[in-house]
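Thank you all for coming. I would like to walk you through one model this morning, beginning with the fold of a single chain and ending where two chains meet.

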2 protein chains.
Amino acid sequence: MQFTSERRLDDGVLEREFTLGEIPGILWTPASAPAPLILCGHPGGLHMMYPRLVARARHAAAEGFAAATIELPGSGDRPRSADLEQARADLRRALAAGEPVDDEIVDRLVLPLVDKAVPEWQGVLDALLSLPDIDGPVGYSGGVIAIGVRLAVVEPCISAAVLFAGSFVPRIMFEEARQVTIPLHVLLQWDDEGNDRQMALDLFDAFGSAEKTLHADMGGHAGVPQHAGDEANRFFTRHLR
Amino acid sequence: MQFTSERRLDDGVLEREFTLGEIPGILWTPASAPAPLILCGHPGGLHMMYPRLVARARHAAAEGFAAATIELPGSGDRPRSADLEQARADLRRALAAGEPVDDEIVDRLVLPLVDKAVPEWQGVLDALLSLPDIDGPVGYSGGVIAIGVRLAVVEPCISAAVLFAGSFVPRIMFEEARQVTIPLHVLLQWDDEGNDRQMALDLFDAFGSAEKTLHADMGGHAGVPQHAGDEANRFFTRHLR
């Protein structure tokens, strides 16, 4: 892991860009480091997502958490995948036409992404956990929800997750969802224009966790209200401290 | 409204029992009164429900709210209704047998209760609002959810509601749900043994409110976790202060 830039934000949070092999990422640590770590998932496109990611990281830092994110394979400055681009275009076309989204499109879009991204997250997590700034349990927060599901199953370091039910999940992954046992806080935007509500409810039902909360709000995909973010933070405070 | 008893709880909350006509009730006011008021709904049986009601009232008082509750018609020490008892027995039998609950039973159980209880709540609310201890906006909290729905539509003094989706709602009342416009925080116990989850989700969807949150947890009907109660309180703090 190589740090490529470092700056101190006005609230004392240290922001460092890094690369691990070809994967770019950002680490935010609070003044109170060493701190427990929250991995911040997102739909891909680190530059575009930066304003929302840094807001989430500062929010987390205010509660004493470090936060880290990485670019997804095939997004941002990383090499494009023709298959992924095609699947994305097919999904967008179906949504724009108001058609039901074929399972086949979802599988083609999400399964290869999960297969590639999860080992990358695990590699970055290993590297982060060796830093003196990071200590204690790890949480995963955000989308792509299928990546969160797989990580929650295969990565024993992750002890709690806030999952954003704002993207499609391959039906075949519902079996994995049944294997999730860590505490979950699932955010659903009730009228999310890029999601399938019934699929999100079925997925919530499938999770094997004894402690799971579904928190649904109005406001569309990007309209998660402030109080929902606050509550997600409190969830991490209950489980990671 | 006649006060029949008065005592000061150890946290400074003043607890007063009252009657309004034949309706018994309890009012809790914080040391910081005058205070906004939360009406505490429950399934009936004031004595049996007292421990949970006083816990909710103290929780509310800690945030600066007064709280009040009344006995439901046909419950506790109030005269029984043969029709209501019969409908309750029919519902219990269907649930115990694991059968789907007939709409006809729900209508027979809930509609007369709503028709009787809502004007009683309104009468008590009028009396409470004339007290010097009560000031500011009013919230409704709890079950019977159909009573909360009707109150939210017909009682303009109620400006926010925490609804507990832990009892059946007549299908005919979904039209009323569409007329609800106040901010709502709906609590659902995902595996509630005395409820129909799909009905609760349909009802949440039906509410006309631009601001509505669904908060679902595990743990069965009586297992609402502490953090869900805390969040309901924060909802009232956002909307009643």
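Chain A has seven helices and nine strands, where helices (H or I, at least four residues) and strands (E, at least two) are DSSP runs numbered from the N terminus. Please keep in mind that this is a predicted model, in which local features need pLDDT of at least 70 and side-chain atom pairs count only at pLDDT 80 or more, while totals for chains, interfaces and linings use all residues. Residues are numbered from 1 along each chain as its sequence is written, and chains are lettered from A and ligands numbered from 1 in the order in which they are written.

On overall shape, the C-alpha trace of chain A spans about 50 × 40 × 30 Å along its principal axes. A compact globule of 241 residues would have a radius of gyration near 18 Å, and the 17 Å of chain A agrees with that; the radius is taken over C-alpha atoms, and the globule rule is 2.2 Å times the number of residues to the power 0.38. Of the 241 residues in chain A, 45% are buried, meaning that 20 or more other C-beta atoms, placed from the backbone, lie within 10 Å of the residue's own.

Let me turn to one strand in particular. Strand S3 of chain A, residues 23–29, is largely enclosed by the rest of the structure, because five of its seven residues are buried. S3(A) pairs in the antiparallel sense with strand S2 (residues 14–20) of chain A over seven bridges, pairing here requiring that DSSP finds at least two bridges between the strands. Leu20(A) has Ile23(A) in S3(A) as its bridge partner, and in the hairpin, with two residues between the strands, Gly21(A) takes a positive phi near 60°. S3(A) is also joined by four bridges to strand S5 (residues 66–70) of chain A, again antiparallel, with Gly25(A) opposite Ile70(A) in S5(A).

Note on methods
A residue is buried if 20 or more other C-beta atoms lie within 10 Å of its own, exposed if 12 or fewer, and partly exposed in between; C-beta atoms are placed from the backbone.
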